[in-house]
Structures are given as C-alpha cells and as structure tokens.
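Let's take a walk through this protein together, one part at a time.

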Amino acid sequence: MFLGIDCGTQGTKALLLDAASGQVLGQGSAGHELISGPNGRREQHVEQWTAAFEAATAAALAEAGVTGDQVLGIGVSGQQHGLVTLDRDGQVLRPAKLWCDTESAEENQRLLQWLGGERGSLERLGVVIAPGYTVSKLLWMKEQHPRLFERIAHILLPHDYLNYWLTGRCCSEYGDASGTGYFDVRTRRWDREILRHIDASGRLEAALPELIAPDEAVGRLRPELAHRLGLNPDAIVSGGGGDNMMGAIGTANIRPGAITMSLGTSGTLYAFAEEPRISQQPAVATFCSSSGGWLPLICTMNLTNANGAIRDLLQLDFDQFNVLVAQAPIGAEGVTLLPFLNGERVPALPQATASLHGLTADNLTRANLCRAVLEGVTFGLRYGLDLLRKNGIRSERIQLIGGGAKNPQWRQIVADMMATPVVCTTHSEAAALGGAIQAAWCHARQSDSHASLAALCERCISIDEATAVEPEADAVQAYEQAYRRYRELVIATYGQPTPPDLTTVTP
Ligand SMILES: Nc1ncnc2c1ncn2[C@@H]1O[C@H](COP(=O)(O)OP(=O)(O)O)[C@@H](O)[C@H]1O
Ligand SMILES: O=C(CO)[C@@H](O)[C@H](O)COP(=O)(O)O
C-alpha cells in the first residue's frame with residue numbers, strides 16, 4: 001500500500017493505492033484557508049498543511065478499511081513555488097508565501113533586470129523568472145522582514161516542508177526545484193550566484209536543501225510521527241514533487257506525446273520532454289519533471305477562484321452555476337470577462353485587475369456572467385495551448401485533471417475551445433495518485449525490484465472512457481470567434497505582452 005498526498009492551494013487530498021493490483025482503495029481530503037492581504041499577498045500557515053495531511057490521511061485509510069501499518073511508502077505532491085523558511089532549530093519563521101502571491105512582483109522585476117531580462121534569465125536558468133516564483137519572495141523577505149531573514153537556516157518549498165515534517169530531513173528534488181528561480185533546469189543544479197546577489201553573507205546558499213534524484217527516498221517516517229498517525233514506522237518517503245510534476249506521473253505523462261491540463265486553483269498545461277529544449281517564449285516554463293525528464297508548462301493564476309467568485313457573488317452552488325452556463329450561448333452574447341482577479345502569469349500581467357467587457361442593457365444576465373467567467377478562464381488556457389503547440393508540442397488528446405475536471409460541461413467547453421478531444425483518467429486527483437506511484441517506484445528501487453515507473457503507471461492509471469468528449473465543429477468555430485475577441489480585448493486593455501518569438505535558444 002502506498003499513500004499519495006497532494007497539498008494544493010485550496011486543500012489537501014490523500015489517496016491510498018494498492019500498487020500490486022493498481023487499485024485506489026480510499027481517498028480523503030481537508031481544506032486550507034488563504035491569508036489574503038494588500039498588493040496581492042497570498043499566504044498560508046504551514047500548520048494548516050500538516051493538520052490537513054493528518055485529516056485527509058485518516059479519511060483515506062478509513063475509506064479503504066486499511067490500517068496505517070500496511071503503508072510501505074508515502075509520496076508528497078505540493079503546490080509549486082511557495083516559500084517556507086525555517087530557523088536553525090527547524091522552527092517556521094513566518095507563513096508560507098504562495099505561488100499565487102504577487103506582492104513581490106516588483107522584486108521579481110529587479111531580479112529579472114539583474115539577470116539581463118527575459119533572454120538573460122532563459123540563457124542562465126532555462127526559465128524566465130515570473131512573479132510567484134520563490135526567488136523574489138526571498139528578496140521581499142529580506143527587505144520587509146530583515147530580522148526574520150537573518151534567522152533563515154533552511155529554504156524549503158511546500159512539499160519539501162512536508163517531507164521535512166515527515167522525516168526530519170531537508171532536501172529537494174529537481175521538479176519542484178526548477179520552479180524556484182535559483183536553479184538551472186539544464187544542469188539540474190542550484191544557481192548560488194543569484195542567492196549571493198540577494199544576500200552576500202552566504203546565508204541563503206547555506207540554507208539550500210540537498211538535491212536528490214526522482215527515484216531516491218528522502219528517508220523514513222519520524223518514529224514519533226509514525227506512532228501518532230498510526231503509520232508504519234518503516235514506511236519510506238519518496239522525493240515527491242510539485243503538483244504538476246506529480247500530476248504528470250499520475251496521468252502517465254512520462255513519455256513525449258501526451259498533454260495534461262489541470263483545472264485546479266491554477267490552470268496548467270504540460271507535456272513530458274526527454275531533453276531540456278528551452279523555449280524562447282517566456283511564458284513556457286521548461287521545468288524538470290519528477291520522473292527523470294523535463295516538463296514544459298504553462299500556468300494561469302485565475303481559474304476555479306474566478307468561477308468561485310462569480311458563483312459566490314450570485315449565491316449559486318455548482319449545479320445552479322452549470323444550469324446558467326448552459327442557458328447562455330457560446331460567447332455569452334458579447335459579454336467577455338478578463339478574469340485576472342489575482343493578477344496573471346500567462347499572459348504576464350502580475351499587477352492586472354479583472355475587467356468585464358461588452359455589457360449592454362440586453363445582455364447583462366446572470367447566465368451570460370456565468371458563461372463569461374468560465375469562458376474567460378478557459379481562454380487563458382487556450383492561449384497557453386497555442387504557445388505550447390507553437391513550440392512543437394503536439395497531442396491527439398488532452399488529459400484533464402483537477403477539481404474542475406469533474407464538471408462534464410467544462411470538459412466539453414475545453415474540447416471545443418482547444419479543438420481537441422478531451423478525456424479524464426479514472427482518478428481526477430492525479431497529483432495524489434502520482435505521489436503514491438512515485439513512492440511505489442522508489443520502494444521498488446530500494447528493494448531491488450525491477451518495477452519500472454512505466455510499468456507502475458500502466459498498472460495504476462486508466463482512462464475513464466465515460467468522460468471522453470470530442471470537439472463539435474460548430475462550437476469550435478464559435479469559440480474561435482469569441483477567442484479572437486478575448487485576445488483583442490486583452491491587448492487593448494492591458495497592452496501586448498512580449499511578442500512570441502518561436503525560435504529556441506541553446507538546447
Ligand atoms: N464538480 C465540480 N465542478 C466544477 N468545479 C469543481 C467541481 N468540484 C470541484 N471543483 C473545483 O475544484 C477546485 C479544487 O480543485 P483542486 O484541483 O483540488 O485545487 P487545488 O489543488 O488547487 O487545491 C474547487 O475549488 C472547485 O472550485
Ligand atoms: O504555480 C503553479 C505552477 O507553476 C501552480 O500550478 C501551483 O503549483 C498551484 O497548483 P494548484 O493549487 O492549482 O493545484
């Protein structure tokens with residue numbers, strides 16, 4: 001039995017996998033609260049993650065009817081880019097600053113300048129540092145909380161922190177590390193110089209966790225924690241990874257040829273690559289995968305949060321929202337919502353606010369508003385898909401995961417808007433499943449078994465054919481028009497982000 005954990009933005013999901021049969025035996029979840037503040041502050045108390053870990057794990061074990069002593073390994077997936085700082089006694093210094101926090105956008109701009117702009121960042125790190133990446137949070141902390149900054153002894157990402165809580169060891173793996181902005185994705189090494197630029201004392205470099213390979217274990221559970229959670233004290237903890245890296249494993253996206261799209265708090269799109277072919281397009285982040293390769297990725301910051309904001313405003317539940325969406329035609333009778341409530345990463349508009357366009361006395365209806373938000377957030381992913389496709393990434397279909405993938409209406413909208421068939425894997429909690437599969441892989445390597453990651457994915461992941469949807473020709477055309485209007489409005493309202501340059505730099 002293997003336990004997969006996904007510490008997402010809105011909550012933690014746990015899943016218990018019988019890796020021998022490939023069956024998921026039980027699942028559980030528990031929510032997190034966001035701390036929102038001025039200038040795009042989005043933080044979370046790490047105690048929420050550990051409490052949610054415990055609650056979700058207990059629920060998954062109870063649903064499976066299995067005791068924790070049967071768990072042989074744990075794999076943790078986590079929201080990317082967040083900054084957790086510890087002092088030398090291992091105490092957390094302040095709430096974690098999250099991937100969707102844009103408070104350090106200005107610090108990011110200064111660091112980008114130091115790197116030589118987008119080109120300099122690409123040449124040096126293989127990614128263009130974006131607001132939300134970890135590196136600018138460090139500069140922000142130095143300037144805003146100098147006393148706490150001086151006490152930093154360990155810098156961890158969210159899933160690294162959970163691994164530390166589980167095992168007592170601070171380390172990181174290539175996938176999540178590649179989203180920090182102080183890591184070279186080509187060589188898979190930390191970039192210490194950028195940290196020295198932020199603080200010449202050497203404190204930050206000394207605080208970097210050790211890097212481990214994707215099939216390496218972090219260690220075993222701390223005995224007292226194993227005892228408290230009722231888990232097997234001999235259970236190993238695998239390296240885990242960022243939620244997108246784990247979502248890739250959990251959808252068997254470990255070979256070129258597949259595209260996974262996640263409809264979570266963020267919207268993401270990614271495809272496995274065997275080589276670090278760095279795109280010159282700044283929006284495409286060529287992260288490392290947590291399965292030995294690379295994972296070119298697009299991320300939008302406004303997805304289910306924007307839907308939720310309109311749902312709350314109109315006091316609707318999911319079903320009522322969906323009924324209203326269905327009542328409005330494609331294009332919402334000319335109502336377009338540019339949903340940048342949190343600022344945005346793709347397109348690169350960290351300071352943007354959302355805006356509503358095309359309202360008239362005739363089209364201002366609840367149905368059009370609901371459709372406009374769902375279309376607006378999905379258009380962002382269409383823009384991202386175009387960028388990936390222009391960089392040579394092709395797939396016959398899109399594998400849809402995350403909370404939003406449970407919505408059949410949204411699945412059809414995705415298929416029509418992307419003009420591509422869409423399907424879900426049996427377990428939409430693919431990041432948690434990926435964690436469990438990675439733990440089984442790691443356990444097999446430790447026990448000298450020859451179970452490959454590919455064989456485990458084949459055994460544990462299946463397509464849910466009942467969710468398969470094909471694009472419908474009329475709808476594809478109608479969305480094409482609505483998408484053009486969306487792009488024109490983005491450019492007219494916020495200006496043109498860096499024009500796409502589709503050549504590639506040093507592979
Ligand atoms: N049936 C559904 N229809 C539409 N959206 C849903 C449905 N179920 C869950 N969601 C959305 O999914 C979100 C959570 O997705 P999830 O992938 O777990 O996010 P995260 O990992 O960022 O915490 C919820 O906030 C909710 O808006
Ligand atoms: O920042 C990114 C990817 O670069 C996000 O995808 C985060 O990893 C958060 O994921 P969710 O909470 O939406 O699952």
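## A strand pair at the sheet's edge

Strands β19 and β20 (residues 294–300) run antiparallel, and four bridges hold the pair together. To spot one place where they line up, look for T286, which stands opposite P296 in β20. Keep in mind that this is a predicted model.

Now zoom out to the whole sheet. It is an open one with seven strands, ordered β19-β20-β18-β17-β23-β24-β25, and the pairing is mixed. Which strands sit at the edges? They are β19 (285–288) and β25 (463–469), and each of them pairs on one side only. On average, neighbouring strands in this sheet are turned by 30° against each other, if you ignore direction.

## Another sheet, with three strands

There's also an open sheet of three strands, and here the order is β4-β5-β8 with antiparallel pairing. Its edge strands are β4 (35–37) and β8 (96–97), each pairing on one side only.

Strand β5 (residues 41–44) pairs with β8 over two bridges, in the antiparallel sense. If you click on Q44, look across to β8 for A96, its bridge partner.

## Two helices that meet α14

Start with helix α13 (residues 318–327): its axis and that of α14 come within 7 Å and cross at roughly 95°. Angles from 65 to 115 degrees count as roughly perpendicular, so that is how α13 and α14 lie to each other. On the α13 side you'll find F321, L324, V325 and Q327, and they meet R366, A367, C370, R371 and L374 in α14. Sorted by class, the residues of this contact are six nonpolar, one polar and two charged.

Next comes helix α12 (residues 304–313). How do the axes of α12 and α14 cross? They come within 9 Å and cross at roughly 170°. That angle makes α12 roughly antiparallel to α14. From α12, the contact uses A306, N307 and I310, while α14 brings in L369, C370, V373, L374, G376 and V377. This contact has seven nonpolar and two polar residues, with no charged ones.

The crossing of α16 past α17 is right-handed.

Who touches whom here? L433, I437, A440 and W441 are the α16 residues, and they meet L453, L456, C457 and C460 in α17. What classes do the residues of this contact fall into? Eight are nonpolar, with no polar and no charged residues.

## Around the two ligands

Last stop: the ligands. Ligand 1 has 14 residues around it, and those that come nearest are G8, G264, T265, G403 and N407. Split by class, the shell has one nonpolar, 12 polar and one charged residues.

Around ligand 2 there are 16 residues, with T9, Q80, W99, G264 and S266 coming nearest. Here the shell has two nonpolar, 13 polar and one charged residues.

Methods. Residues are numbered from 1 along each chain as its sequence is written. Chains are lettered from A and ligands numbered from 1 in the order in which they are written. This is a predicted model: local features need pLDDT of at least 70, side-chain atom pairs count only at pLDDT 80 or more; totals for chains, interfaces and linings use all residues. A crossing is left-handed if the near helix is turned anticlockwise from the far one by less than a right angle, and right-handed if clockwise. Two residues are in contact if their C-beta atoms, placed from the backbone, lie within 7 Å. Ala, Val, Leu, Ile, Met, Phe, Trp, Tyr, Cys and Pro count as nonpolar, Asp, Glu, Lys and Arg as charged, and the others, Gly among them, as polar. A residue is near a molecule or strand if its C-beta atom, placed from the backbone, lies within 6 Å of it. Two strands pair if DSSP finds at least two bridges between them. Axes are lines fitted to C-alpha atoms, for helices over the stretch in contact, and angles run from 0 to 180 degrees between N-to-C directions. Angles under 35 degrees count as roughly parallel, over 145 as roughly antiparallel, 65 to 115 as roughly perpendicular and the rest as oblique.
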